[in-house]
Amino acid sequence: MVYSEKVLDHFANPRNVGEIENADGIGEVGNSKCGDIMKMYIKVEDGTISDVKFKTFGCGAAIATSSMATELIKGKSVDEALQLTNKAVMEALDGLPPVKVHCSVLAEEAIKAAVSDYYEKQGIDPEILIEK
């Protein structure tokens, strides 16, 4: 399997690793088939994601996609974070091997789960905001 330099860099030097105390939104997703589990934490100030952290148990591609996804939404509005796609994560990493595409899907789902949790805590029904 050949990984891009960016994937290798985000795996070896992941950004935004850890937990956020009193996070405004927490999303956890997992794929029992491959064993990858991602947990995303977001801090929101004035509708903007001021901080985002992750903890991922999984392969190098899962760690790299988690890291890149956090980089892509940090400083963005909550609504912009909801628009993040696995395709955007893969493009930002200069691609992934086909057998690792599911890792980018998990990263997208983890972000959406964290945003959904944030909206629920605000008393907003996340279903109306997330287009399926």
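Axes here are lines fitted to C-alpha atoms, for helices over the stretch in contact, and angles run from 0 to 180 degrees between N-to-C directions. Helices (H or I, at least four residues) are DSSP runs, numbered from the N terminus. Residues are numbered from 1 along each chain as its sequence is written, and side-chain values use heavy atoms, leaving out hydrogens and water. Keep in mind that this is a predicted model, where local features need pLDDT of at least 70, side-chain atom pairs count only at pLDDT 80 or more, and totals for chains, interfaces and linings use all residues.

**Exercise 1. Work out how H1 and H2 are arranged and what their contact is made of.**

Step 1: grab the geometry. H1 (residues 5-12) packs on H2 at about 90°, and the axes are 8 Å apart.

Step 2: name the arrangement. Angles under 35 degrees count as roughly parallel, over 145 as roughly antiparallel, 65 to 115 as roughly perpendicular and the rest as oblique, so H1 and H2 are roughly perpendicular to each other.

Step 3: find the contact, meaning heavy atoms within 4.5 Å. H1 brings Val7, His10 and Phe11, while H2 brings Gly60, Ile63, Ala64, Ser67, Met68 and Glu71.

Step 4: sort by class. Ala, Val, Leu, Ile, Met, Phe, Trp, Tyr, Cys and Pro count as nonpolar, Asp, Glu, Lys and Arg as charged, and the others, Gly among them, as polar. That gives 5 nonpolar, 3 polar and 1 charged residues for H1 with H2.

**Exercise 2. Describe the aromatic pair and say whether Tyr118 and Tyr119 are buried or exposed.**

Step 1: rings of Phe, Tyr and Trp (its six-membered ring) pair if their centres lie within 6.5 Å; planes under 30 degrees apart count as stacked, over 60 as edge-to-face and the rest as tilted. The structure holds 1 such pair.

Step 2: Tyr118 and Tyr119 are 5.5 Å centre to centre with 50° between the planes, a tilted pair.

Step 3: buried means under 20% relative accessible area, exposed over 50%, partly exposed in between (1.4 Å probe, protein chains only). Tyr118, at 11%, is buried, and Tyr119, at 8%, is buried.

Notes:
Helix = DSSP H or I, 4+ residues; strand = E, 2+ residues; numbered from the N terminus.
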